[in-house]
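These notebook entries record what I looked up, one topic at a time.

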Amino acid sequence: MRTAHRDHPNYWAFVVHRVSGVLLALFLPVHFQVLYMGLNDAAQFDKFLTWTHLPIVKAAETVLILILAAHLTGGLRLLAIEFLPWRNGQKTIVSITAGLSLVIALVYLLNAA
Amino acid sequence: MKRPEDTFDAQRETHLWLAQRLSAMVLALCIIVHLVTIVGAVQGGLSAAEIIDRVAGSGVWFAFYAVFVAAIVVHAPIGLRAILSEMTKLSRARVDLLCFIAAIFIAVLGFRVVWGFYTMGGAA
Amino acid sequence: MSRETLTVAVWRGAEKGRYQKYEVPRQESQTVLDVITYIQRHIDPSLSYRFACRVGVCGSCAMTVNGSPRWTCRTHVDKVLDDTGQLDVAPLRNLEVIKDLSVDMTDFFDKWAKAKGQFHGSETRHDDFSAVSPDSPQRKVASAGIECIGCGVCYSACDVVAWNKDYLGPAALNRAWTLMNDERDVAGIDRLKAVAGAGGCQACHSQQGCVERCVKHLNPTGAIAGLKRATAIAALKGQLK
């Protein structure tokens, strides 16, 4: 089936928003569980945290920040569409949200590395 | 002709939509604070002591994280509900039940951590 | 593809069917509807398709051209051929195929009625004409959406329509929003009740396929956002019960 009707930036932004939302929802219980572990056993938690010094884990964290940033900026874009007067240049807004997400992830990476 | 369940539907769906958007606005602020905190915390590496030092016994951080978790509990299940009803063949009642369970699950895991960090001041 | 002829793949059958290839003479300023008409008149008279005005007024000739919904009478072949020179024409998505390129538009128009797309005034023929200022903000909002020709392109471009069979769709909701801004109309709250709910405006994810593809350059996403705000205010007041 041809899906050329989806070939436009606002559709891609929708896909990013949906996929990032699902990934965040899946990550959240893991995040809470790790923090709960740290709560009960600080030594164990610090041992876990040394693991986060691995480059591969740093990379994964950066991707996670990128996902969070994408859902944040994409969400703000949607709130603007729904609650503010319409603005032309929706595709420009999509590219701004994409750029901003990358900047946020990069800022994290530079500080974590 | 409009059936009674349709009008019930209109009120409920609109409330859910509004709840998701309002919680999104709260989350936007929380996530910005969260991101700034994370970037500050990762400088020089993370440690349990650093996190505990910051949040344990702090009423402000407790209030912040409580609001953060509450907003997630509202926001995420409504989003999952839209996805499940569009992309699976589950009935609407089943989707609602699953998302309600998801909300409880997130709430229990989240508040357990928030409360734990707040009250552990003396223990750490 | 030679310069003189165009190979076009056309959907034949109903929900189940296949693409059939035809060779059609290439002409200057040829539209997709010209191509389809040529096939029907010169190659296979059994090809079913729908058109009327041929000049972009009636909204009856919409089809899926190279994967996207378009008004075929105003779509030049030059503009839609990809690098490989491919042209395929299929019926509109999201509507039941009757035969070949003709779809059943019943659901599409029933949803207009369901969204209370009819004007409900309070005045009679004995009253004088209503004076609506062209400069009033409401009139401007209404004007922005009233040029819809009901072609079904937005309905076909929308994935929410494909995923949620109750979803009223961009055209019906756009129509409802123009009426909400018609100061002569008195069906306000009833219409908001009709456009809220699982199949209503809240189902829209602002994918903007409708805005992207609308042949009249209307903005259904913006109209639906207006309905979202209006229904939210009404719900807070408990008016949607």
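This is a predicted model: local features need pLDDT of at least 70, side-chain atom pairs count only at pLDDT 80 or more; totals for chains, interfaces and linings use all residues.

Entry 1. I then looked up how the two strands are joined. Strand S3 (residues 62-65) of chain C runs antiparallel to S4(C), and 4 bridges connect them. For one pair of positions, I noted that Ala62(C) stands opposite Trp71(C) in S4(C).

Next I asked which way the residues of S4(C) point. In strand S4 (residues 68-71) of chain C, Ser68(C) and Arg70(C) point one way, while Pro69(C) and Trp71(C) point the other way. I recorded all of these residues as buried. As a general point, side chains in a regular strand alternate between the two faces of the sheet.

Entry 2. In chain C, 5 strands form an open sheet with mixed pairing, in the order S2-S1-S5-S3-S4. At the edges I found strand S2 (17-25) and S4 of chain C, each of which pairs on one side only. On average, neighbouring strands of this sheet are turned by 35° against each other, direction ignored.

I then took the pairings of strand S5 (residues 87-90) of chain C. With S3(C), this strand pairs in the antiparallel sense over 2 bridges. Here I noted that Thr64(C) has Ala90(C) as its bridge partner, and that Val65(C) stands opposite Val89(C). With S1(C), by contrast, S5(C) runs parallel, and 3 bridges join the two strands. In that pairing Ala9(C) stands opposite Asp88(C) in S5(C).

I also looked up what lies against the sheet. Helix H1 (residues 32-43) of chain C lies across strand S1 (5-13), S2, S3 and S5 of chain C. The helix runs at about 90° to S2(C).

Entry 3. How many of the residues of helix H7 (residues 170-180) of chain C are buried? I found 11 of the 11 to be buried, so the helix is largely enclosed by the rest of the structure. Among them are Pro170(C), Asn174(C), Arg175(C), Trp177(C) and Met180(C). I then asked what covers these residues of H7(C). The cover includes helix H3 (106-114), helix H4 (137-145), helix H5 (153-157), H8, helix H9 (209-213) and H10 of chain C.

**Entry 4. H8(C) against H10(C).** Two of the covering helices also meet one another, and I examined that contact. The axes of helix H8 (residues 188-195) of chain C and helix H10 (residues 220-236) of chain C come within 10 Å and cross at roughly 110°. From H8(C), Ile189(C), Leu192(C) and Val195(C) meet Leu227(C), Ala230(C), Thr231(C) and Ala234(C) in H10(C).

**Entry 5. Chain C as a whole.** I turned to the overall figures for the chain. Chain C has 10 helices and 7 strands, and 49% of its 241 residues count as buried. The C-alpha trace spans about 65 × 40 × 30 Å along its principal axes. Among contacts between residues at least 6 apart in sequence, 64% join residues at least 24 apart.

**Entry 6. Chain B and its contacts.** The mean pLDDT of chain B is 90, and 90% of its residues reach 70 or more. Among its elements, helix H3 (residues 59-87) of chain B has the highest mean pLDDT (97) and helix H2 (residues 48-55) of chain B the lowest (84).

Towards chain C, 13 residues of chain B are in contact with 14 residues of chain C. Helix H1 (4-42) and H3 of chain B are the elements that give two or more residues to this side. H1(B) gives the most, with 10 residues. I recorded 4 nonpolar, 4 polar and 5 charged residues on this side of chain B.

Towards chain A, the contact takes 29 residues from chain B and 28 residues from chain A. H1, H2, H3 and helix H4 (92-119) of chain B each supply at least two residues on this side. H1(B) again gives the most, with 9 residues. The side of chain B that touches chain A has 22 nonpolar, 5 polar and 2 charged residues.

Notes:
Residues are numbered from 1 along each chain as its sequence is written. Chains are lettered from A and ligands numbered from 1 in the order in which they are written. A residue is buried if 20 or more other C-beta atoms lie within 10 Å of its own, exposed if 12 or fewer, and partly exposed in between; C-beta atoms are placed from the backbone. Two residues are in contact if their C-beta atoms, placed from the backbone, lie within 7 Å. pLDDT is the predictor's confidence in each residue, from 0 to 100. Ala, Val, Leu, Ile, Met, Phe, Trp, Tyr, Cys and Pro count as nonpolar, Asp, Glu, Lys and Arg as charged, and the others, Gly among them, as polar. Axes are lines fitted to C-alpha atoms, for helices over the stretch in contact, and angles run from 0 to 180 degrees between N-to-C directions. Two strands pair if DSSP finds at least two bridges between them.
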